[in-house]
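Subject: Structure for you to look at

Dear colleague,

I am passing on the structure below, and I would be glad if you kept it open while you read the notes that follow.

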Amino acid sequence: ISHIVTRATVTYNAPARNCPTADNVMVNVDLSLTFRIGPDPEAVANFIYKLGAHRFDELIAAETEEAIRGLVYSVTHDK
């Protein structure tokens with residue numbers, strides 16, 4: 001056995017600190033994502049051998065922070 005992958009959902013916490021709004025007010029955002037790897041064996045193998053847990057963590061951290069900052073920057077603090 002080379003890898004063990006859970007079938008349960010996994011929660012990923014993505015905090016973004018000091019994000020400027022459109023009117024330059026700094027806010028903090030805490031986002032929680034839930035995901036599951038699979039459901040079929042081919043998807044699990046693709047995750048393990050093509051992406052991997054470490055690269056996935058780097059990817060999801062960068063993507064979520066960029067998306068949060070882009071969303072926050074598009075609104076004013078009173079919305």
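Phe 47 counts as buried because its relative accessibility is 15%, where buried means under 20% relative accessible area, exposed over 50% and partly exposed in between, with a 1.4 Å probe and protein chains only. Please bear in mind that this is a predicted model, in which local features need pLDDT of at least 70 and side-chain atom pairs count only at pLDDT 80 or more, while totals for chains, interfaces and linings use all residues. Residues are numbered from 1 along each chain as its sequence is written, and side-chain values use heavy atoms, with hydrogens and water left out.

A search of the whole structure finds two aromatic pairs (rings of Phe, Tyr and Trp, the last by its six-membered ring, with centres within 6.5 Å; planes under 30 degrees apart are stacked, over 60 edge-to-face and the rest tilted). Phe 47 forms an edge-to-face pair with Phe 56, at 5.6 Å centre to centre and with 75° between the planes. Ring pairs join Phe 35, Phe 47 and Phe 56 into a cluster.

Thr 64 belongs to helix α2, residues 53-73 (helices are DSSP runs of H or I of at least four residues, strands are E runs of at least two, and both are numbered from the N terminus). With a relative accessible area of 10%, Thr 64 is buried, and its side chain reaches the backbone oxygen of Ile 60 at 2.7 Å as well as that of Ala 61 at 3.3 Å. Leaving aside residues up to four places away in sequence, Thr 64 touches Tyr 12, Ala 14 and Leu 33, where contact means heavy atoms within 4.5 Å.

Asp 78, in the segment after α2, counts as exposed because its relative accessibility is 59%. The side chain of Asp 78 makes a polar contact with the side chain of Thr 76 at 2.5 Å (a pair of N or O atoms within 3.5 Å; within protein, one must be able to donate a hydrogen and the other to accept it, and residues adjacent in sequence count only if both atoms are side-chain atoms). Although Asp 78 and Thr 21 are 57 residues apart along the chain, their C-alpha atoms are separated by 9.7 Å.

With kind regards
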